[in-house]
Amino acid sequence: MPHDHPTDDRTVHDDPVVHDDSVVHDDATIHDDATVHHDPAGRSAPADRPEPAPPHRVTVAGVAVDTRHYIGGRRVASAHTFTDHSPIDGASLGEIARGTPAEAEAAVAAAKAAFPGWAATPRAERARLLHAVADGVERRLEELAAVETADNGALLRSHLRGVMPRVAHNFRFFADWLLSLGHEDFTTRDHTNHVSWDPAGPCVLITPWNAPLMLATWKVAPALAAGNTVVLKPAEWSPLTASLLADIAAEAGLPAGVLNVVQGYGAEVGDALTAHPDVRRISFTGSVPTARHIAASAAAHLTPLSLELGGKSPLLVFADADLDLAAGLAAEQYDNAGQVCLAATRILVEESVAEEFTQRLVARASRLRQGDPRDEATDIGPTIHPRQLDKIDGFVRRALDAGARTLLGGRRGTGQYYLPTLLTDVRQDSEIVQEEVFGPVLTLQTFTGEDEAVRLANDTRFGLAATLATGDPERADRVTARLVAGTVWVNCFFVRDLKAPFGGARQSGVGREGGTWSFDFYCDVKNTVTAPKGWQPHG
């Protein structure tokens, strides 16, 4: 992840958790008992005279957060709410407005009404406003980091050093890419072809809980840059920073209705959004079953979809690999408590070095510190929700019952924590190998050659990513050419550049986003062909 504002030719990390060897240290700390309250305009009350929180606002990690929807440039309450809990200790963070089809209808109507004006806004002005949003993110970076850590349990140090800087960079990158977006004219029998990217209309963006704001802005920024208006529905397990983003966008001068935020459950508000006839694009990151449901809703109006779904990615370790490097790559898969769609949870090791590699991995992973994500020394935080914790434990229990052997972990910790787990003696067709756990659980299998390694790597219904550790560049070329994956990393992990295409194969997704691919999705790409004749002379 970037730590400042990388230029377009820099390689950046796009992972929800930043690794210690790639961070810029920041001595700033956020305390949950801070007494300074912030309102959307950025005013602060004196620490010795805290202002009482107004209705529909909660204070989280010392930051005031509005719990209502943001529709058409104003805050909108709902008749009912849902409770948002912190995974750190299970404490209630507040009662959040619970959207219904009525709020969905209002948000789409607001986006539709705002679309003509925003679409007609010159590119340079749209880019300026997106840079202003990035400025607002940077001004409130520590607040955003503290709130998101409380809300989803990811490491505060990662939010401060990588995740929230990346949020700002998402806006800056797509603002700048918009200004350079274009295709050279070309001729066909003296006819001129001109390619343009026309804004499509209101977009519904549905985002996950594992890196809420970063993954939301990965969609919001290009959709807005393209001239579309947006209805953002954050995950109900981590809705708070989306509300803060609405404040930041308003402060930056984004016109009313250009960005709308609607909170709630998929069945109550998500379905109404994805089935709406006025929606022109839907982008979703989440599970395969939910994606199928969304696709069925969108089918009635043939609404184009971009789907970034699950993964069961492999890490292939060949005998000629740097085993310390490979063990480090494998240990990284426990980042964010394993709640990363790209995680290489299937470790495939060449048989001749399996014992040595396993010893190094177990030693490396055993040193990881699990605990309060606000503590600088913590490496792994909690699982997002008790339901997810139960799901993870169920996967492990069934695997052990089926004959798997535990090399590390294999059980719950205290509270909402699951111990980093490594299982071996697993069958290729077993549930633990084939299905996405989305927790700190890795499996280890062996292979005897390239053909078997590729066969095992490709033998799931997913194809989001793959990681390869080898000391032979020719082998790297041979193997990566045969792997089914949207992204392949060789001797590295989680290196992402916003210019690169991102998406998955098979049931890991539909479509690609990033760089021009994002504009291809969020726009109607038009080709205008002009003849050299037929022009009337002008005096």
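**Close-up views of a predicted model**

**View A. In strand 9, Asn193 is the bridge partner of Phe186.** The model shown is predicted: local features need pLDDT of at least 70, side-chain atom pairs count only at pLDDT 80 or more, and totals for chains, interfaces and linings use all residues. Residues are numbered from 1 along each chain as its sequence is written, and side-chain values use heavy atoms, with hydrogens and water left out. Helices (H or I, at least four residues) and strands (E, at least two) are DSSP runs, numbered from the N terminus. Two strands pair if DSSP finds at least two bridges between them. Strand 8 and strand 9 (residues 191–199) are joined in the antiparallel sense by three bridges. Another residue, Thr188, stands opposite His191 in strand 9. The two strands form a hairpin with two residues between them, and in the turn Arg189 has a positive phi of about 50°.

View B. Eight bridges link strand 9 to strand 24 in the antiparallel sense. Ser196 stands opposite Lys526 in strand 24.

**View C. Seven strands form an open sheet in the order 17-18-19-16-15-20-21.** The pairing here is mixed. In general, strands of a sheet pair through backbone hydrogen bonds, either parallel or antiparallel. The edges are taken by strand 17 (405–408) and strand 21 (487–490); each has a single partner strand, so one side of each is left without a neighbour in the sheet. The twist averages 25° from one strand to the next. Helix 10 (residues 354–366) packs on the sheet and touches strand 15 (314–317), strand 16, strand 17, strand 18 and strand 19. The direction of helix 10 makes about 55° with that of strand 17. Contact means heavy atoms within 4.5 Å.

**View D. Strand 19 (residues 441–447) is largely enclosed by the rest of the structure.** The description holds because six of its seven residues are buried. Buried means under 20% relative accessible area, exposed over 50%, and partly exposed in between (1.4 Å probe, protein chains only). Strand 16 (residues 346–350) runs parallel to strand 19, and five bridges join them. Leu348 stands opposite Gln445 in strand 19. Strand 18 (residues 421–424) also pairs with strand 19 in the parallel sense, over three bridges. In strand 19, Leu442 is the bridge partner of Leu422, and Thr443 stands opposite Leu423.

**View E. Helix 2 (residues 123–139) crosses helix 6 (residues 240–252).** Two packed helices are described by the angle between their axes and the distance between the axes. The axes of helix 2 and helix 6 come within 8 Å and cross at roughly 125°. That makes helix 2 oblique to helix 6; angles under 35 degrees count as roughly parallel, over 145 as roughly antiparallel, 65 to 115 as roughly perpendicular and the rest as oblique. The crossing of helix 2 and helix 6 is right-handed. A crossing is left-handed if the near helix is turned anticlockwise from the far one by less than a right angle, and right-handed if clockwise. Helix 2 makes the contact with Leu129, Ala132, Val133, Gly136 and Val137, and helix 6 with Leu245, Ile248, Ala249 and Ala252. By class, the contact has eight nonpolar, one polar and no charged residues. Ala, Val, Leu, Ile, Met, Phe, Trp, Tyr, Cys and Pro count as nonpolar, Asp, Glu, Lys and Arg as charged, and the others, Gly among them, as polar.

**View F. Thr414 lies in the loop between strand 17 and strand 18.** Thr414 is exposed, with a relative accessible area of 67%. The C-alpha atoms of Thr414 and Pro382 are separated by 9.5 Å, while the two residues are 32 residues apart along the chain.

**View G. The chain has 15 helices and 24 strands.** Of its 539 residues, 58% count as buried. Among contacts between residues at least 6 apart in sequence, 72% join residues at least 24 apart.

Methods. Axes are lines fitted to C-alpha atoms, for helices over the stretch in contact, and angles run from 0 to 180 degrees between N-to-C directions.
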